[in-house]
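Please keep the sequence and the coordinates at hand while reading.

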Amino acid sequence: MIVPKTTDKEQQFDAIEQMHGGYWRHDFIDHAYLYNLYFPPERFFKQLTSQIHELVLNYPVAQNVLAELVGTLIAQPAERIVVGNGAAELIKIVSGNLAKKLIIPVPSFNEYANAAPTENVVEFALEAPSFQLDVDKFAAEAIRNKADVAVVVSPNNPTSLLVPKVDLLTLLKKLAGHDCMLIVDESFIDFAQDRDQETLEDEIANYPNLAIFKSMSKAYGICGLRIGYMLTANTLFADQVRNGLHIWNLNGFAEMFLVHAPEYQQEFLASCNLVRADRDQFYQDLCSISGLTVYRPDANYIFCRLPDHAPSGPEVARRLFVGHNIYIKHCQGKTMRESDRYIRIASRTQNENRIVAAALKKIVAVEKLS
């Protein structure tokens, strides 16, 4: 959908609500999409533009080389890796083609369920107010429904809550004897405080029923390049996913990033530290809003429940856009009770975060007074 050429902010908001990207073309502050503002470094763009002719005119490499490039970056053997045109391509293959019965805690990233036939999906409700995953109950429900694929997003989207590694290992053990693959989506794990202690990457060889999905768009700030990967020691499952890809599923620009990414590791780690610092201050700013329930985040976005006296999530999102030129994500439409009472706000710079917190505080306070 093309956003209308109009100064009417209401019309712009309605049009943008139907979009799935391209926000950079429009003059508003994007607190909806979730990416690292501090990466990649400027020298990557210079490397990219210096070879623009070759990248446009020539075929890119195929899957075997892409897997080697990612393997170099994450210190894993290439045979364990499948590289997708974003994680969304891999999700489509697994949810849409491979999974006979898929179970997922909700609310969560909608694409896992949306990509599957409705009759193949079991939604396991995370209970408010904690929204924490009870892995014992989740495993029991997976086994009862004879699920062959279980999905856990950690940190979760939209709640920004991490599932502890010890719980995920318990879940893997419970599912191991029931022919059920566990997909752990770690797209936001790099923003967790104890990332190295919480990731399952170092456990991959120990659990043949484990696959890790990772969208590189989020942590690496490369949404437009579309790179994601799956990591698994299950060679059969890897082959099944790999067979769903076409030969040139990534373009030369994405290939160029993977070639140079190992050069930027120190800058990448530093950028994640900056994101965490901004997010933690943002959390404190939001906690100062009377009546707002703010969930302590593990990712680069914050999940909030609006006070009962406040307008609904969609109305708050509309007022922020129309009155303050700020776009956030409301959770109406997510599979959860009272979904219209929840919002998700991406953390940006500290100054931008202060502005959105102040604007939100006014909207909530005015409603309370009225």
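## Local features of the model

G71 has its place in helix α4, which comprises residues 63-74. The model is a predicted one, and in it G71 is buried, because its relative accessible area is 6% and the limit for that class is under 20%. The C-alpha atom of G71 lies 7.1 Å from that of I81, although the two residues are 10 residues apart along the chain.

Helix α8, residues 165-176, has 12 residues, and the 16 Å from its first C-alpha to its last is close to the 16 Å expected at 1.5 Å a residue. The buried residues of α8 are K165, L168, L169, L171, L172 and L175. These residues lie on the same side of α8, because they cover an arc of only 160° around the axis. V166 and K173, by contrast, are exposed on the other side of α8.

Helix α11, residues 235-242, has F237, A238 and V241 among its buried residues. Its buried residues line one face of the helix, because they fall within an arc of 100° when seen down the axis of α11. The face turned away from that buried side carries T235 and L236, which are exposed.

C223 is accordingly in no disulfide, and the nearest cysteine sulfur, that of C272, is 14 Å away. For C287, the closest cysteine sulfur is in C304 at 8.2 Å, which is too far for a bond, because a disulfide requires the two sulfur atoms to be within 2.5 Å.

| Residue | Relative accessibility | Class |
|---|---|---|
| G71 | 6% | buried |
| Y38 | 31% | partly exposed |
| C223 | 31% | partly exposed |
| C287 | 36% | partly exposed |

Y38 thus counts as partly exposed because its relative accessibility is 31%, a value that is over the 30% needed for membership of a patch. C287 is likewise partly exposed, with a relative accessible area of 36%, while its sulfur remains 8.2 Å from that of C304.

Notes
Residues numbered from 1 in each chain as written. Predicted model: local features only at pLDDT ≥ 70, side-chain atom pairs only at ≥ 80, totals over all residues. Heavy atoms only, no water. Buried < 20%, exposed > 50% of the residue type's maximum accessible area, 1.4 Å probe, protein only. Helix = DSSP H or I, 4+ residues; strand = E, 2+ residues; numbered from the N terminus. Expected span 1.5 Å × (residues − 1). Arc of directions from axis to C-beta.
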